[in-house]
Amino acid sequence: MTTQELIKLLEDFIHLPGENEVVEFKKAQNGFDTLAWLLFGIHDKTHAILGSSYKPTRPSLDALKKQYLNHKPGKQWQNRH
């Protein structure tokens, strides 16, 4: 996906009336517990963009993905942004 496509997708998610089976908003201050779209740095209730320092580097994010994949056989990351 291009940067513009990702921005449009984020805007679409933020304007949803609430969470659903594939979009869940998390502050991600200490961890997460959801599958599907995972949006770090988004306020759960207001959907305001807060930013996040959770797993701020590519190596730390890749390590998180590897940890997840090791515990969820058959799962894969479709997008790496």
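# A guided tour of the predicted model

The structure holds two salt bridges. Both will be visited on this tour of a predicted model, which begins with the whole chain and then moves from one selection to the next.

## The whole chain

Display the protein chain as a cartoon. Its secondary structure comes to two helices and two strands. Followed from the N terminus, these elements run in the order α-β-β-α. If the chain is coloured by accessibility, 23% of its 81 residues count as buried. Contacts may be considered next: among those in the chain with a separation of 6 or more, 27% are accounted for by residues 24 or more positions apart.

## Helix H1

Select residues 3-14, which form helix H1. This helix has twelve residues, and the distance from its first C-alpha to its last is 16 Å, close to the 16 Å expected at 1.5 Å a residue.

Now show the side chains of Leu-9, Phe-13 and Ile-14. These residues of H1 are buried. Turn the view to look down the axis of H1: the buried residues fall within an arc of 135 degrees, so they line one face of the helix.

## The first salt bridge

Remain on H1 and select Lys-8 and Asp-12. They form a salt bridge, in which the closest N and O atoms are 2.6 Å apart. How far apart do Lys-8 and Asp-12 stand in helix H1? They are four residues apart, and about one helical turn therefore separates them. In general, an α-helix has 3.6 residues a turn, so residues three or four places apart point the same way.

## The nonpolar core

Together, Leu-9, Phe-13, Ile-14, Val-23, Phe-25, Leu-39 and Ile-42 make up the largest nonpolar core, which has seven residues in all. Which elements give two or more residues to this core? They are H1 and strand S1, residues 23-25. H1 gives the most, with three residues.

Centre the view on Ile-42, a member of this core. Leaving aside residues up to four places away in sequence, Ile-42 touches Leu-10 and Ile-14, then Phe-25, Lys-26 and Lys-27, and finally His-47, Ala-48, Ile-49 and Leu-50. Several of these partners are the next stops.

## The loop between S2 and H2

Select His-47, which lies in the loop between S2 and H2. Is His-47 buried or exposed? With a relative accessible area of 8%, His-47 is buried, since buried means under 20%. Its side chain reaches the backbone oxygen of Ile-14 at 2.9 Å. Show the surroundings of His-47 as well: beyond residues up to four places away in sequence, it touches Phe-13, Ile-14, Leu-16, Gly-18, Phe-25 and Ile-42. Most residues other than glycine have a negative phi.

Move to Ala-48, in the loop between S2 and H2. Ala-48 is partly exposed, with a relative accessible area of 32%. Not counting residues up to four places away in sequence, it touches Gly-41, Ile-42 and His-43. Draw a distance from Ala-48 to Phe-25: these residues are 23 apart along the chain, and their C-alpha atoms are separated by 9.9 Å.

Continue to Leu-50, in the loop between strand S2 (37-39) and H2. With residues up to four places away in sequence again set aside, Leu-50 touches Lys-27, Gly-41, Ile-42 and His-43. The C-alpha atoms of Leu-50 and Lys-27 are separated by 7.9 Å, although the two residues are 23 apart along the chain.

Arg-58 is partly exposed, with a relative accessible area of 41%, and Asp-62 counts as partly exposed at 25% relative accessibility. In general, side chains of opposite charge can pair when their charged atoms come close.

Terms used
Residues numbered from 1 in each chain as written. Predicted model: local features only at pLDDT ≥ 70, side-chain atom pairs only at ≥ 80, totals over all residues. Heavy atoms only, no water. Expected span 1.5 Å × (residues − 1). Buried < 20%, exposed > 50% of the residue type's maximum accessible area, 1.4 Å probe, protein only. Arc of directions from axis to C-beta. Salt bridge = Lys/Arg side-chain N within 4 Å of Asp/Glu carboxyl O. Contact = heavy atoms within 4.5 Å. Polar contact = N/O pair within 3.5 Å; in protein donor to acceptor, adjacent residues only side chain to side chain. Core = buried A, V, L, I, M, F, W, Y, C linked by side-chain atoms within 4.5 Å.
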